[in-house]
Amino acid sequence: MRGLVDLSGPSALEKAESLRVTLALRGIKADVMGDHSLALVSVWERLTVWCNGVFFWWRTDWNPATRRARYTGHPVPEFERVVERVTSRYADLRQQASSSAGPAPYRGDHGPL
């Protein structure tokens, strides 16, 4: 059935924890919270990764014309690609923070409603 999470495999929380551990091995500290069906990995200011057990997704930037955030992501089986892209986004945000006078205005970092 469409939209249901396969509960026979690892939970969203377990997959999010795997991402946290893998990021920690790369020197990136993160926190995980959630439950079996939806979890999030708080990585850095403006970088939160959600996982529903099937897909990881995160905000990439802000579209001022539509006044909405843009998101990207990958299916859970593409875990190494998720790690590479989240690591790259983290590096970009850290670079932006260190080269600016202060943090960018917070526009919200909410997942799909």
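**Stop one: ring pairs**

Select Y90 to begin: Y90 is buried, with a relative accessible area of 13% (buried means under 20% relative accessible area, exposed over 50% and partly exposed in between, using a 1.4 Å probe and protein chains only). Before moving on, know that this is a predicted model, in which local features need pLDDT of at least 70 and side-chain atom pairs count only at pLDDT 80 or more, while totals for chains, interfaces and linings use all residues. Residues are numbered from 1 along each chain as its sequence is written, and side-chain values use heavy atoms, with hydrogens and water left out.

Now, how many aromatic pairs does a search of the whole structure find? There are 4. To pair, rings of Phe, Tyr and Trp (its six-membered ring) need centres within 6.5 Å; planes under 30 degrees apart are stacked, over 60 edge-to-face, and the rest tilted. (Helices, H or I with at least four residues, and strands, E with at least two, are DSSP runs numbered from the N terminus.) W44 is partly exposed, at 30% relative accessible area.

Next, pick F56 and F79. Their rings form a tilted pair, 6.1 Å centre to centre and 55 degrees between the planes. F56 is in strand 4 (residues 55–63) and F79 in helix 2, 23 residues apart. Buried or exposed? F56 is buried, with a relative accessible area of 0%, and F79 counts as buried at 18%.

Then select W50, W57 and Y71, which ring pairs link into a cluster.

**Stop two: H74**

Click on H74, in strand 5 (residues 68–75). H74 counts as buried at 11% relative accessibility. Which side chains does H74 join by polar contacts? One is E78, at 2.8 Å, and another is R85, at 3.0 Å. (A polar contact is a pair of N or O atoms within 3.5 Å; within protein, one must be able to donate a hydrogen and the other to accept it, and residues adjacent in sequence count only if both atoms are side-chain atoms.) Leaving aside neighbours within four places in sequence, H74 is in contact (heavy atoms within 4.5 Å) with residues including F56, W58 and R81.
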